[in-house]
Amino acid sequence: MSSAKKTKIHVLIFPAGENNSIGLHHALSHNVNIEIFGASSIGRERHGSYIFKNYTSNLPLISADVFIEKFNTFIKENQIDYIFPTHDDVSLYLAENQEKISCKIITADARSNKICRDKKLTYELFADCAFCPKVYEDIVEYPCFIKPRKEQGARGTLLIENVTEVPKNFDKENYCITEYMPGEELTVDCLTDSKGKLKAALPRVRWRKFGGVAVAGKTLSTTPEILKIAETLNSRLNFLGLWYFQIKKSADGKYKLMEISARCPGTICHSCARGVNLPLLSVYCAEGKEVTIFENPFEVTVDRVLIQRYKINYEYDTVYIDYDDTIIESELVCLPVIKFLYQCKNLGKKIIMLTRHENYFEDSILESLENHCISYKIFSEIISVPNDKEKSDYINPARAIFIDNSYAERKKVHDAFNIPVFDIEGMEVLEDWRC
C-alpha cells in the first residue's frame, strides 16, 4: 500500500469469510470515512475474496509462532487502525495479546473474552443472578440441556429427555449441564462505549437457525427484564463496541442466560435494518467518540437463505447488450441489468447497445431511453440493427460478452465467435460485489 497520508479510518475484519464478516462488510463498506480490509489465514480460500476489494488470504494461523510478527507487518503495511475479530478464539487470542498488536482490537478485554468463551466460567460469574440457569455437576434430572463449554452457536448442544439419550463416552468436564428452557429464544445485540457505558440492548427473536446462526426472526422491544440482564452483564465484564448475549425463557416464563460473545453476531444485519449500525458505532466508540442510539419506528422481520456469488476465468472489456426485453422488461427498467451497466461504467468497460427497437416501435431509441430516465451517455455506442442483418455482424469478439433475452440471438453469437453469452437470469455470475 502507498505511504501517502491516509484520509480514512482503516478497519480490518479478521478472519474475513464467515457469516458475521459479511455482515460487518455490509455495515461498513459504504461509509465514506472508512476503508475496510479483509484477511484470512492460510488454507482454503473463504468467501471474503468475493466481497472485499482489499483482501488477503495468506496470513498465518493464530497458533503459528510467527503469527504476531506477520500480523503486525500486515497491519503496518495497510495502516490498519482497528480490528474486528469475527471468531471467539481469535477474539480471545487478540485480546490476550493486545499489547503486542500494532493497532486496537474492537472487543472485550482478555478476562472478559475468556469468560465469554467458556460457558462454565460465564455461569460461575453470574451464579448469584436470577437470570442464571440451574447448572448441574452431572445429569441428575430430565429433561436437561447439555452444551460444550467452548463452542459457538448451537454446535454440540443436545436436549436430553431420558437416560437413553445421554451420548456415549459423555465427558461432563467439557460440557455444561443446565436446566431445560422450553420457551422463546432471543439474541440481544449490545453496544458499549469507550467509558464502559451500555448504549444499546436490541433484542430479536430467533425463529429459525442454520448452522447455529439465526436466519429468521423479528425485532422485539427492550423490556425492563432484558435491559436489567444486559446492564448486569455489562457491569461485570469489560466490553468495547458491539457484543451480544442469548437468552431463553424457562418453564416459569423468565429469561435465562444461554451464552455471551464479545464478537460480532452472525445476524448483525437485523440491528442495521432497525437503523442502528452497531459496527460503525463500534468504530466511533473505539475512537472515544460519544454516540447516540436511535431506532427507526418500525418492526423488522428478517428471513435469510443462502446467497450465491461467482468468479469466472474470463476477462472482458466490451459488453454488447440488447435493449427491448433486456434493459427494458415488461415496459419497466430491469433493475439487475441497469445495476450491471453501472458496474461496467464504474470499471471502465465499453457498453455497446445492439437493438432492433426502431424496427418495431414508433418512438426512437433515444426517446425510449429518455422516457425510462436512462442516459444515452452510459453507452459507448448505440447501433440500430436492420432486420436483414445479424447482431453478430456488429460484434468485435475480442474480450467481449453478449447479453440478450433471445435464445436465437445468443446462439448465433455463440456459434459465430464462441464468446460468453447471457440471458438476464445468467447475468448474476457477472456481478462484482467487492467494495
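The secondary structure of the protein chain comprises 13 helices and 22 strands, where helices (H or I, at least four residues) and strands (E, at least two) are DSSP runs numbered from the N terminus. The model is predicted, so that local features need pLDDT of at least 70 and side-chain atom pairs count only at pLDDT 80 or more, whereas totals for chains, interfaces and linings use all residues. Residues are numbered from 1 along each chain as its sequence is written, and side-chain values use heavy atoms, with hydrogens and water left out.

Along the principal axes, the C-alpha atoms of the protein chain fill a box of roughly 85 × 50 × 45 Å. Of the 435 residues in the chain, 49% are buried (under 20% relative accessible area, with exposed over 50% and partly exposed in between; 1.4 Å probe, protein chains only). Contact denotes heavy atoms within 4.5 Å. Among contacts between residues at least 6 apart in sequence, 65% join residues at least 24 apart.

Two packed helices are described by the angle between their axes and the distance between the axes. The axes of helix α1 (residues 19-28) and helix α9 (residues 278-286) come within 8 Å and cross at roughly 75°; axes are lines fitted to C-alpha atoms, for helices over the stretch in contact, and angles run from 0 to 180 degrees between N-to-C directions. The two helices α1 and α9 are therefore roughly perpendicular to each other (65 to 115 degrees; under 35 is roughly parallel, over 145 roughly antiparallel and the rest oblique). In this contact, Leu24, Ala27 and Leu28 of α1 meet Pro279, Leu280 and Val283 of α9. By class, the contact of α1 with α9 has six nonpolar, no polar and no charged residues (Ala, Val, Leu, Ile, Met, Phe, Trp, Tyr, Cys and Pro count as nonpolar, Asp, Glu, Lys and Arg as charged, and the others, Gly among them, as polar).

Not counting residues up to four places away in sequence, Ile34 touches Lys8, Ile9, Val11, Leu28, Leu280 and Val283.

An open sheet of four strands has the order β6-β9-β7-β8, with antiparallel pairing (two strands pair if DSSP finds at least two bridges between them). Strands β6 (135-136) and β8 (158-160) stand at the edges, each with a single partner strand, so one side of each lacks a neighbour in the sheet. Two bridges join β6 to β9 (residues 175-179), and Tyr136 has Ile177 in β9 as its bridge partner.
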